[in-house]
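Biologist: Put the model on the screen, please, and let's go through it piece by piece.

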Amino acid sequence: MARSFLSSLPPVEASTLAAFSGNALDRRSEARNESTLAAALADPAARVFLLRGDEAMMRSHDASEALFTLKEAQSVGADMDDIILLGWDGSAPRLATTLTSETSFDVDAFQAVSIRTLAVNGSSGSILMNATDPGTLGALAQARALLHWHGSTRFCGRCATRTTMTQAGYRRDCPNCGALYFPRTDPVAIMLAIDGDKCLMGRQARFAAGTYSCLAGFIEPGETIENAVRREIQEEAGVKIGRVAYLASQPWPFPMSLMIGCHAEALSTEIVPDTEELEDCRWFSRDETMSMLNGEHPDGLATPPRMAIAHTLIRAWAEAG
């Protein structure tokens with residue numbers, strides 16, 4: 001019976017349509033420790049991603065390449081003491097570490113590129129760089145989230161002692177009080193409210209001009225995904241929600257969230273917007289939404305780019321009509 005039920009699901013998993021979801025590294029999570037990290041560092045096939053905040057280091061003359069040898073990483077002043085093990089590509093180890101904002105490097109050989117830019121160019125079909133293949137973007141998202149966590153968990157929350165990295169980068173230990181810290185992922189509900197042939201979208205002041213998107217908010221402790229969807233839409237738009245259906249998820253490494261995408265059944269249509277959160281919020285017809293998705297809206301209104309899970313949610317509804 002389970003096989004029959006699963007076979008009725010769409011052939012393409014919706015989560016694969018958004019950026020950062022294609023990480024194919026073999027994490028071998030149960031085998032991660034200091035000995036596997038040491039073995040990875042000693043492997044000639046080891047390659048490392050180099051990140052500086054939200055930027056990934058790329059080769060200036062081979063934009064398809066975001067991986068470097070350990071020797072190359074050392075040559076640009078990468079932090080080799082806090083290098084982390086992401087996993088394996090086949091039998092080849094894949095690692096990541098950081099460059100500081102003060103790091104200088106040969107701009108003729110290397111360039112720092114925003115990870116967001118890589119994702120947007122990949123979703124738009126740009127030939128700017130082939131590093132936007134799903135596997136590379138997914139690995140960069142993993143690296144970005146982990147490295148940010150390490151940077152923000154340097155000291156113990158109990159006794160303020162400096163923590164040390166263990167488990168090849170997947171734990172930090174306090175040598176004084178014994179507290180253990182593990183990487184965190186912050187769940188965010190992102191949702192499209194639907195009323196028949198209309199959907200609810202809003203825009204924040206920071207959005208690109210004319211862009212409307214799904215509403216979103218962090219899931220709070222002790223809250224189900226469904227209740228978070230209902231609460232967030234009620235708080236931001238004043239619209240009551242009934243049924244909630246999950247569609248897809250997206251790792252979002254800015255800094256370390258998991259976007260959980262849902263469609264929601266509107267039980268009311270009057271909008272009472274939270275003006276501190278939203279610059280505007282309104283209902284859009286299916287035809288108008290399709291024109292926004294296709295870049296054909298007469299007033300230049302638009303949805304988020306294909307790399308965003310919001311685009312996946314909006315398109316899935318618009319094309320279902």
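Biologist: Which is Pro304, buried or exposed?

Modeller: A caveat first: this is a predicted model, where local features need pLDDT of at least 70 and side-chain atom pairs count only at pLDDT 80 or more, while totals for chains, interfaces and linings use all residues. Residues are numbered from 1 along each chain as its sequence is written, and side-chain values use heavy atoms, with hydrogens and water left out. Buried means under 20% relative accessible area, exposed over 50% and partly exposed in between, with a 1.4 Å probe and protein chains only. Pro304 comes out at 10% relative accessibility, so Pro304 is buried.

Biologist: Which residues does Pro304 touch, beyond those up to four places away in sequence?

Modeller: Pro304 sits in the loop between helix H7 (286–293) and helix H8 (309–318), with helices (H or I, at least four residues) and strands (E, at least two) taken as DSSP runs numbered from the N terminus. A contact is heavy atoms within 4.5 Å. On that basis, Pro304 touches Thr211, Tyr212, Ser213, Ala310, His311 and Ile314.

Biologist: And H7 itself, what do its buried residues pack against?

Modeller: Arg286, Thr289, Ser291, Met292 and Leu293 are the buried ones in H7. Just after H7, Gly295 has a positive phi of about 70°. The buried residues of H7 pack against E11, H8 and strand E15 (280–285).

Biologist: What volume does the largest pocket have?

Modeller: A pocket here is an open set of points on a 1 Å grid over the protein atoms alone, where a 1.4 Å probe fits and protein lies on both sides within 12 Å along at least five of seven lines; lining residues have an atom within 4 Å of a point. Grid points are joined across faces, edges and corners, and the volume is the space filled by probe spheres set on the points. For the largest pocket, that gives about 970 Å³.

Biologist: Which element gives the most to the lining of the largest pocket?

Modeller: There are 35 lining residues, with Arg206, Phe207, Ser213, Trp252 and Met259 nearest the centre. By class the lining has 20 nonpolar, eight polar and seven charged residues, where Ala, Val, Leu, Ile, Met, Phe, Trp, Tyr, Cys and Pro count as nonpolar, Asp, Glu, Lys and Arg as charged, and the others, Gly among them, as polar. Elements that each supply at least two lining residues include helix H4 (115–123), strand E10 (186–195) and helix H6 (225–237). With four residues, the most comes from E12.

Biologist: Which element provides the largest share of the second largest pocket's lining?

Modeller: The second largest pocket holds about 460 Å³ of space. Its lining has 17 residues, and Val12, Glu13, Ala14, Leu17 and Leu247 are the closest to its centre. E13 and H8 are the elements that give two or more residues. At four residues, the largest share comes from H8.

Biologist: How many residues are in the largest nonpolar core?

Modeller: A nonpolar core is a set of buried Ala, Val, Leu, Ile, Met, Phe, Trp, Tyr and Cys residues joined through side-chain atoms within 4.5 Å. Phe20, Val48, Phe49, Leu50, Leu86, Leu95 and Met201 have the most contacts inside the largest one, whose residue count is 69.

Biologist: What is phi of Phe20 near?

Modeller: Phe20 lies in the loop between helix H1 (2–7) and helix H2 (34–42). At 3% relative accessibility, Phe20 counts as buried. Its phi is positive, in a residue other than glycine, and near 75°.

Biologist: What is omega near for the cis peptide bond from Phe254 to Pro255?

Modeller: Pro255 is in the loop between E13 and E14. The bond from Phe254 to Pro255 is cis, with omega near 10°.

Biologist: Last one: which is Pro221, buried or exposed?

Modeller: Pro221 is found in the loop between E12 and H6. Its relative accessibility is 83%, so Pro221 counts as exposed.
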